[in-house]
Amino acid sequence: MHHHHSETSTGALPQLLPGTPDAPLLAGENALAALAVDLNEALRFDQGQLLLTDRRLLAHVAGASEWQSFPLEDGQVLRHVDHAGVGTLELCTAERRIARWRFTLGVNVQALRLVRRFEQLQQSRATGAAVEGDDATRCPSCRAPLPADSDECEVCTRELNSPPSTWVLLRLWRFAQPYQGRLLIGFLLMLASTAATLVPPYLTIPLMDEVLIPFQNGQKIDTHYVLLLLSGLLGSGLLAWGLGWIRTWLLALVSERIAADLRTTAFEHLLGLSLDYFGAKRTGDLMARIGSETDRISVFLSLHALDFATDVLMLAMTSAILFSINPWLALVTLLPLPFIAWMIHTVRDRLRTGFEKIDRVWGEVTNVLADTIPGIRVVKAFAQEKREATRFREANQANLAVNDRLNKTWSLFTPTVSLLTDMGLLVVWAFGIWQVSRGEITVGVLSAFLAYIGRFYGRLDSMSRIVSVTQKAAAGAKRIFDILDHVSTVPEPADPVKLPPGGLSGGVTMENIAFRYGNRSVIRGLNLEIKPGEMIGLVGHSGSGKSTLVNLLCRFHDVTDGSIKVDGIDLRRMAVADYRRHIGLVLQEPFLFFGTIAENIAYGRPDATRAQIVAAARAAHAHDFILRLPQGYDSLVGERGQGLSGGERQRISIARALLIDPKFLILDEATSAVDTETEKEIQRALDNLVQGRTTIAIAHRLSTLRKADRLVVMDRGEVVEVGPHDELMARQGHYWRLYEAQARKAESDDEGSDHDAVLLSSQLPQPSAHSATAG
């Protein structure tokens, strides 16, 4: 929240971090926006503060006693960039950079607001226009008013945090349509069973007025008539039970099938989304959505939706019967209804916001589990069990706090509804007794009324309780439809080109391609032609765009401009699955699934015979170590390849790529994470793999690319050199400089390791003379 200051006091500055000294504001200077930066120049976590006023930009770094001041001048710009989860703000002029601040993307929204506010100030300086006086209470991005107690713009964050509407549940009809016949039968059964439950109170009128009261006045009881009435009571009860049992069973079956279809559709849609969607989502959150949210919807459909429909029918039928018996008494019965309806409406708004928050904080709990359990070796290796336990405890406490706030509202609502219905019953008793005393109704009619009212208010109470589960289900449905509504950035073509029967030949043409991650340009104006069967080595500094180029070729992303053509066909005109069947991918960190070694090798071709699997393993130089395992090819591999060394996992991934006999082979740093001996073994396997295939290899060690037909040198998203190793070395350009730098680093590392060994031995505690003689 922004504040205006007329003095140098800074006690109410926005987002000022604890321990930060007061900012030296001048008289009449206004603080307009603030940002808590959480990284230092070395990209280590540290606390700092940026404060924008109407005259300057103030900065404070952790440990400093003074604030830095940067007066606002014409021509200054505040640049905002983000890369690999790190945001940067740069204060620049046309000639130079004045200052730079780093932060994680967790505070990116505040950073964007500060940049927007800075731009508005500079624009007002250039045009001489006055700045709006209420800017301090408006969102810098969309100009919408900010809430009095919040720095978050409701308009900007509406899409992210918008509470779910109950109407989202109607979208489930798409999944209910295949079962509409069974749903209709269930509805008719519900109608019949509800009608059957309303018969017994009606039979109390003749039982009271024609049997019991006349008997008290000395008349004889008609046994046959009584037996007939009691048979009606028994028959209606048994009928209601039987119809209710069949209805509940039928609708439970349907709701389970709707939930299963919803779960399957959500997972299939998730698999079809592009990689950039998963980059912005946590594993635990997606697991919670497809798992527990669909279970919640299933419970709602099988139990609570049915109860709600029954309650509505019961209220409608009971009201009709009450009005047919005595309209005035019926009107008195309905007196609490407007109050209860108003309470339900008020509480529903609070509940739907609350359940959305509960889902988000529960997602944090599952995120901690999804992070920690797969990474348990790293946790134990660094002795961080207490830290992870603390993370889980904090997430769990946040979940508890949100639930406590919601339960506070709910605990007041439920007894209040019960109190209102009890008061309504009291009013009906009083009005009924008054009518009986005036002879307007009989005791039997009043008894029947009270029996109906008991059911009426009971259903009303039940309906008010269903508000809670309805909002829970709506929150779950919203989170699932958030997945289903997301459109892949790598769409399937409407009319895909059929690939030739003989498959692809493997020629690639990249024509003036460009690609952006958000607002950051990664590849620009790139042209490259690869011949069928050619081996290309991609080299360049980290961040030069090598992996992005490979991702574009695999069509994990689509180019922003230009086109990639394979055999003259634009990638975007091919069916994604048809094209990717021709790609074999060997990654730096091979991923193995839980299952046998044979199943992992045959992952891309599940119908492969054992002989084909063994042949692929032999070619990948994996056969010998597989036979040394207890069950050979049927040995179980732990999750993510636990139980195997890095080199063994890599050779299994090479065998997996060999088995599908791909036309294109992508090697992304395939040997960078292993020792020299294992690298030689993997290199021999790769020599078998590249035969007759178009190969694109990225390697950290340039020496491993000497066998490449051509090397493509990349720098800042552009191709700067192309040619064989010897030719590029002779040119003494980019490649030569990279190669020489790597050779010098290797030499210095060898010398450094010898020096470190001597230094370490000199620093180790030496055995004393006593211990030496004792030894």
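Helices here are DSSP runs of H or I with at least four residues, strands are runs of E with at least two, and both are numbered from the N terminus. The model is predicted: local features need pLDDT of at least 70, side-chain atom pairs count only at pLDDT 80 or more, and totals for chains, interfaces and linings use all residues. Residues are numbered from 1 along each chain as its sequence is written, and side-chain values use heavy atoms, leaving out hydrogens and water.

Select Trp-241, which lies in helix 6 (residues 223–272). Is Trp-241 buried or exposed? Its relative accessibility is 62%, so Trp-241 counts as exposed; the cut-offs are under 20% relative accessible area for buried, over 50% for exposed and partly exposed in between, with a 1.4 Å probe and protein chains only.

Next, select residues 328–347, one of the ranges that UniProt lists as "transmembrane region" in an unreviewed entry. Such annotations may be inferred rather than shown by experiment. This stretch is 85% helix and 0% strand, with its end C-alpha atoms 31 Å apart. Then select residues 441–458, also in the UniProt list. Here the chain is 89% helix and 0% strand, and the end C-alpha atoms are 24 Å apart.

Finally, go to His-623 in helix 18 (residues 623–627). His-623 counts as buried because its relative accessibility is 10%. Leaving aside neighbours within four places in sequence, its contacts (heavy atoms within 4.5 Å) are Val-614, Ala-617, Arg-618 and Tyr-633.
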